[in-house]
Amino acid sequence: MEKMNKAGRRPQNMAKTLKRLMTYLWRNKFQLGIVVVALIISTVASVAGTYFIRPLINDFVASKDVNGLLRMIGLIVLIYMCGVCASYFSVRLMVVIGQKTIKTIRMELFDHIQKLPIRFFDTHKHGDLMSRFTNDFDNIQNAFNNSLLMLLTSALQLVLTFIMMLILSPLLTIMIVIMLAIMMYIVKFVGSRSAKYFGMQQKTLGKVNGYIEEHIEGQKVIKVFNHEQKVLEEFEELNQELNRSAQKAQFYANTMFPILGNISYVNYALTATVGGYLVISGMMDVGALASFLQFSRTFAQPLAQISQQSNVLLAALAGAERIFSILDEHPEVDEGKVSLDQSDEDQWYWLKDDNRIPVVGKIILEHVDFGYTKDVNILKDINVWAEPGLKIAFVGATGAGKTTITNLINRFYEIDAGTITFDGIPITQIKKEDLRRTISIVLQDTHLFTGTIADNIRYGRLNASDDEVVQAAKLANAHSFIKRLPEGYRTVITGDGEGLSQGQRQLLAIARAAVANPKVLILDEATSSIDSHTEGLISQGMDQLMYGRTSFVIAHRLSTIRNADVIMVMDHGEIIERGNHEDLMANQGMYYKLYTGQIELD
Ligand SMILES: Nc1ncnc2c1ncn2[C@@H]1O[C@H](COP(=O)(O)OP(=O)(O)OP(=O)(O)O)[C@@H](O)[C@H]1O
Ligand SMILES: [Mg+2]
């Protein structure tokens, strides 16, 4: 049967994934051992209970021995009770093991993701990553909670039942097996159909969900362009498609299988008839027949269970495989040896081979080439020289490579050729953590975390005092708007700063950089247009913050960088002009054209 799991995916390497998943479970091997023992007890008890029907009938019912009968029934009840208890115990314990294992893997995954390089995040969809934590873990959880136990129980039950049936009557057993084989064939046929329709259902469901997600997120755009009616029509069509495939899938699941279930009663009647004949002709005793009939009824159950639960297990394995594939991603490597000595608050030092080099903030890029992929070169022969007190500005059309330069200074990506040095030390020799501690970047897209305003500013340096947070906000010109918020610095922001304007978010980001008190400051100005008042606040805040530091400013508004010491004009990954505002204006090149509005930036 083509096995369709929830997500319609199959694990690629089942054995390997299963083994790896098991090593996690195996960490609780003691508890796991108890589960297996409990499971064996419960299965054996249920089989034994059924078998004891035979002596019950033969020895006590036939001889009308009421006391013996009651004793026997008591014994059977006792056995069943043991089984129930053991089963309850194994389920309870398995839940504990399963949840513990999931907790471990979830922690490992999150921890690993923190260590992955930016390249990984730039090349993987965020939604995809999220679904590892949601869907994939759900699938594993399903398997751990139920399927694993059921599979083991069913397998054991199948074997034991088969043996008991053979003992009771080999002839009837062969008959049952043949009938079952025929039924299985039918089930297989129906199953492959149903799998097909389930697959279709899943696919359309995916489409519908994707459509809903996209259009809920895009509500604003839909409204802006009056697309409501069209969206509705498209959805109607998708919804109809889902309805069709779901109907077919559910028809098989809810109609065909129950019908097959009824056919099994025919089997039962047939077995009873043949068995009855065997008893009459003296080839079998009545007790054996009663017990056998009971076994034959339950024989198919474990088979159905196995096929059902193996689907759940497959889904779990597919999920686990996807999780493991992320765990196998190589974490960001850091071969840097040079570390930062911050023991003296006023003067930081680089520790390089027992030498203490004062941290100044001199950054030099020489002949830097870089491409995100091997075949596309983004930056070509970039040379930049920067030291404290200098404000270096980058301007250029969108996609020119401005943000890319900052990605390199911060070592989010490694350069392909050339050198970047920090105070004369190649940045590849500096521990990434320490390098990033000396450089603050106000990213082009501000990200705020759920928490108070103060928490978000303090993100720049976790041990900053309340006073330092306020100072930083003042420096960044964020103080006045924060004060006007209902709870001031304690205002809680959620969902990436909803309710704050773009400009306010950027001011917070600048305050965050300010509190870190970095040697080197990089501001990647947000592209979105903000009002000229806020713009004034931002550039004023930036200028205050830049004082005495090495600063790089990427500007979309030329007004913010007029006062820069050097302006680098970038075009297609190259610096085509450099100089201060006056030089460049006199030069009458690209900058001049940009400034006088002869060409537009974005
Ligand atoms: N993560 C990435 N992977 C591959 N290519 C990228 C990546 N980030 C940027 N690029 C490409 O590198 C080039 C430079 O991009 P970059 O972000 O540096 O431009 P920019 O000058 O900052 O533009 P903007 O003014 O729009 O911010 C673009 O062609 C872009 O498509
Ligand atoms: Mg950019």
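Student: How many residues of the shell around ligand 1 are nonpolar, polar and charged?

Tutor: The model is predicted, so local features need pLDDT of at least 70 and side-chain atom pairs count only at pLDDT 80 or more, while totals for chains, interfaces and linings use all residues. Ala, Val, Leu, Ile, Met, Phe, Trp, Tyr, Cys and Pro count as nonpolar, Asp, Glu, Lys and Arg as charged, and the others, Gly among them, as polar. By that rule the shell holds five nonpolar, seven polar and two charged residues.

Student: Which of the 14 residues around ligand 1 come nearest?

Tutor: Residues are numbered from 1 along each chain as its sequence is written, chains are lettered from A and ligands numbered from 1 in the order in which they are written, and side-chain values use heavy atoms, with hydrogens and water left out. A residue is near a molecule or strand if one of its heavy atoms lies within 4 Å of it. Of the 14 around ligand 1, those that come nearest are Thr398, Lys402, Thr403, Thr404 and Gln444.

Student: Which helix gives the largest share of that shell around ligand 1?

Tutor: Helices (H or I, at least four residues) and strands (E, at least two) are DSSP runs, numbered from the N terminus. One helix supplies three residues of the shell, the largest share. That helix spans residues 402-409 and is H11.

Student: How far is an oxygen atom of ligand 1 from an N or O atom in the side chain of threonine 404, at what distance in Å?

Tutor: A polar contact is a pair of N or O atoms within 3.5 Å; within protein, one must be able to donate a hydrogen and the other to accept it, and residues adjacent in sequence count only if both atoms are side-chain atoms. Glycine 399 brings a backbone N or O atom to 2.8 Å from a ligand 1 oxygen. Lysine 402 has a polar side-chain atom 2.7 Å from an oxygen of ligand 1. For the side chain of threonine 404, the distance to a ligand oxygen is 2.4 Å.

Student: What percentage of the accessible area of ligand 1 does the protein cover?

Tutor: Accessible areas come from the Shrake-Rupley method with a 1.4 Å probe; for residues, only the protein chains shown count as cover. On its own, ligand 1 has 630 Å² of accessible area.

Student: What is the radius of gyration of the protein chain?

Tutor: The chain has 19 helices and 15 strands. The radius of gyration is taken over C-alpha atoms; the globule rule is 2.2 Å times the number of residues to the power 0.38. For 602 residues that rule gives 25 Å, and the chain is well over this, so it is more spread out than a compact globule. Its radius of gyration is 36 Å.

Student: What does the C-alpha trace of the protein chain span along its principal axes?

Tutor: The accessible surface of the chain comes to about 32,200 Å², with 58% of it belonging to carbon and sulfur atoms. Along the principal axes, the C-alpha trace spans about 120 × 60 × 50 Å.

Student: Is aspartate 353 buried or exposed?

Tutor: Aspartate 353 sits in the loop between strand S2 (349-352) and strand S3 (355-358). Its phi is positive, about 40 degrees, although it is not a glycine. Most residues other than glycine have a negative phi. Buried means under 20% relative accessible area, exposed over 50%, partly exposed in between (1.4 Å probe, protein chains only), so at 66% aspartate 353 is exposed.

Student: With which side chain does the side chain of histidine 367 make a polar contact?

Tutor: Histidine 367 lies in strand S4 (residues 363-370). Contact means heavy atoms within 4.5 Å. Beyond four places in sequence, histidine 367 touches residues including Ile382, Asn383, Ala417 and Gly418. Its polar contact, at 2.7 Å, is with the side chain of aspartate 381.

Student: What is the phi of aspartate 381?

Tutor: Aspartate 381 belongs to strand S5 (residues 379-386). It counts as partly exposed, because its relative accessibility is 43%. Although it is not a glycine, its phi is positive, at about 50 degrees.

Student: What is the relative accessibility of threonine 173?

Tutor: Threonine 173 is in helix H7 (residues 170-217). Leaving out residues up to four places away in sequence, it touches Phe162, Met165, Leu166 and Phe292. Threonine 173 counts as buried, because its relative accessibility is 1%.

Student: Which residues is alanine 513 in contact with, leaving aside neighbours within four places in sequence?

Tutor: Alanine 513 is part of helix H16 (residues 502-516). It is buried, because its relative accessible area is 4%. Its contacts are Ser440, Val442, Pro518 and Leu521.
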